[in-house]
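We will go from one stop to the next, with a word on what to look for at each.

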Amino acid sequence: MTSTDLLIIGSGPVGSAFARLIGEQRPGTSITMIELGPQVSTPAGTNVRNLPPEERDAAREASQGPSGGVRGDSARSLQVEGTVISPGGTYIASPGHQAGMPAAALSACVGGMGVHWTCATPRPNDDERIDVIPSGELDAALEEAERLMHVTTLPENPYGSAIKSLLREHFSGVLPEDRMPDGLPMSAIPQPDGSIRWGGADTILGDTPVTLRAETIARRLILDGARVVGAEVEHIPTGEREVVEAKAVVVAANALQTPQLLWASGIRPDPLGRYFTEHVLVYSVVALSDEVVQRAGIDTPVKELVKDPTASTFGIPYTAGVHPYRTQVMHMADAPFPVDESAVGVGAARYVAMGNGVRKFPRVEDRVVFSDAETDRWGMPQLSIEYEVTDRELAEVDAAMADLRAVAQSIGSFVPGGEPRLMPAGTSLHYKGTVRMGDDGGAASVVDTRSRVWGFENLFLGGNGLIPTATVTNPTLTSVALAVRAVPALREQLDG
Ligand SMILES: Cc1cc2nc3c(=O)[nH]c(=O)nc-3n(C[C@H](O)[C@H](O)[C@H](O)COP(=O)(O)OP(=O)(O)OC[C@H]3O[C@@H](n4cnc5c(N)ncnc54)[C@H](O)[C@@H]3O)c2cc1C
């Protein structure tokens, strides 16, 4: 048996944020972090984009769980008709048990999905915000999350500036001034040589002292009335089991495996796994017009201009009632799938991949359920997804496609095969709601407004699963902000 002050289950950005905050605010706290996946990047949890190119594919492969499952594809591409793949570094979550959400995928590695993510960290707007948290408190928590995640807006290259100015002209008079297309806030640290250190669990954790146990799975939480006293963990390669005792426990094991661990531990409130949402995704690829090149005033091929395959990223924010989507515009030298360039006449500015995230409204029927009889590849209760995109969302999808068509016309034209299309459910990789936050005592929520599981004193949850609202904004910044708000209550438990 091992004893620790704080046990954190899951080593992604959110688990790392909890560790960092406790390390800063309560020095001397012993923190043990359990992660079922292996360490695939150095420093532990660093974004694969910080690795030399020749090491990236191996790191992605190693994050995809035991072999034999449905694997990710290191070159993220549009899905070939009839098959669903997940991007490199992820694995299809529960093959054969997720018909309603075929693209739902997870990462299993130190740093979690934060090793593979794009680093977009915008704030939620309007009714996306979590209204059970006072507005000023939410803003303060988001600001602190931005500090932890090194959120910045990256410098613009001339093509990026030209794209942005054309987008702004398109939305002039439609969107309010503070919601105009702009450089997307990113979790990134620009380096003196012009390269970028992309954000991940490592940049959040900093030099916080943590005992990290990779390839170790939490099998169940050990409960004593209204308290959790620790967890039974297993080192996967050796099968050795052990109890880790703790004064307080945080489960930050993503929106599918957090409720799974609660279920496995006998914590089964009715809302567990329900109100499952994501961002319904409409995706397109545009060859940029000569006007972009003329406006940029240069003709240097974009590949020579910037070091990263994504030259710049712009966002068009969610604005309730006016622009109920979040548009992500990624400027790239190469299209995400092979394009017959003779047919599109693409110039030096090259391509953008452009998507609209569309709201999925929470419904009690959309849920992840767990089996007492079958187990998954990790030996945990088999999870199945019951989920449906309804007419309510499809109406917004139609409008989002029309929006993308109009936006595309202002900067270029779709490449063949790049016209707006509805991606398979799960493609967003932003899964929410399954352990949602509320102030209703647990009637339709799993945690209170300090992320504490209803009915427990010292059991806290973290991650996108807590987000209760219909959102289109990338969720990780919000989830880190929720961790920020949980920490005072967590500290009380560590002090007690
Ligand atoms: C390709 C890609 C691009 C993305 N782009 C963006 C973006 O631009 N912006 C954005 O906001 N989000 C993005 N995301 C999503 C983002 O990465 C997640 O929101 C974020 O990583 C969530 O952090 P987390 O710590 O809650 O969970 P995760 O990062 O999923 O980490 C949870 C960890 O818990 C571990 N775990 C699960 N169960 C157990 C158990 N029983 N015992 C021990 N360990 C366990 C898992 O192995 C995992 O490593 C992207 C994701 C991907 C894959």
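Start where the two domains meet: the count of salt bridges between domain 1 and domain 2 is one. Please keep in mind throughout that this is a predicted model.

**Stop 1: the two domains.** Colour 1-61, 93-150, 199-277 and 431-496 as domain 1, then 151-193, 280-358 and 390-424 as domain 2. Their C-alpha centres lie 31 Å apart. Where they touch, 23 residues of domain 1 are in contact with 22 residues of domain 2. About 1,700 Å² is buried between the two domains, and carbon and sulfur atoms give 54% of that area.

**Stop 2: Asp-126 and Arg-179.** Select this pair and show the side chains, which meet in a salt bridge of 3.0 Å, N to O. Arg-179 is buried because its relative accessibility is 14%, while Asp-126, at 33%, is partly exposed.

**Stop 3: helix H1.** Now select residues 13-25 and find Glu-24 and Arg-20, four residues apart, about one turn of the helix. Their side chains form a salt bridge too, at 2.7 Å from N to O. Which of the pair is buried? Arg-20 is, with a relative accessible area of 14%, whereas Glu-24 is partly exposed at 36%.

**Stop 4: Arg-363 and Glu-388.** In this salt bridge the closest N and O atoms are 3.9 Å apart. Arg-363 sits in the loop between strands S18 and S19, and Glu-388 in the loop between strand S20 and helix H10, so the pair ties together parts 25 residues apart in sequence.

**Stop 5: Ala-425.** Look in the loop between strand S22 and strand S23. Ala-425 counts as buried because its relative accessibility is 13%. Show its surroundings and you will find contacts that include Gly-100, Met-101, Pro-102, Glu-278 and Tyr-387. Glu-278 is 147 residues away along the chain, yet the two C-alpha atoms are separated by 8.2 Å.

**Stop 6: helix H11.** Finish with residues 476-495. At 1.5 Å a residue, these 20 residues should span 28 Å, and the end C-alpha atoms are 28 Å apart, which agrees. Zoom in on Val-487 to see a kink of about 40°, shortly before Pro-488.

Conventions: Residues are numbered from 1 along each chain as its sequence is written. This is a predicted model: local features need pLDDT of at least 70, side-chain atom pairs count only at pLDDT 80 or more; totals for chains, interfaces and linings use all residues. Side-chain values use heavy atoms; hydrogens and water are left out. Helices (H or I, at least four residues) and strands (E, at least two) are DSSP runs, numbered from the N terminus. The expected span of a helix is 1.5 Å times one less than its number of residues. The bend at a residue is the angle between axes fitted to the seven residues ending there and the seven starting there. Buried means under 20% relative accessible area, exposed over 50%, partly exposed in between (1.4 Å probe, protein chains only). Contact means heavy atoms within 4.5 Å. Domain bounds come from an automatic or database domain assignment. Buried area is the accessible area (1.4 Å probe) that two parts lose on being put together, summed over both. A salt bridge is a side-chain nitrogen of Lys or Arg within 4 Å of a carboxyl oxygen of Asp or Glu. Lists of a residue's contacts leave out its neighbours within four places in sequence.
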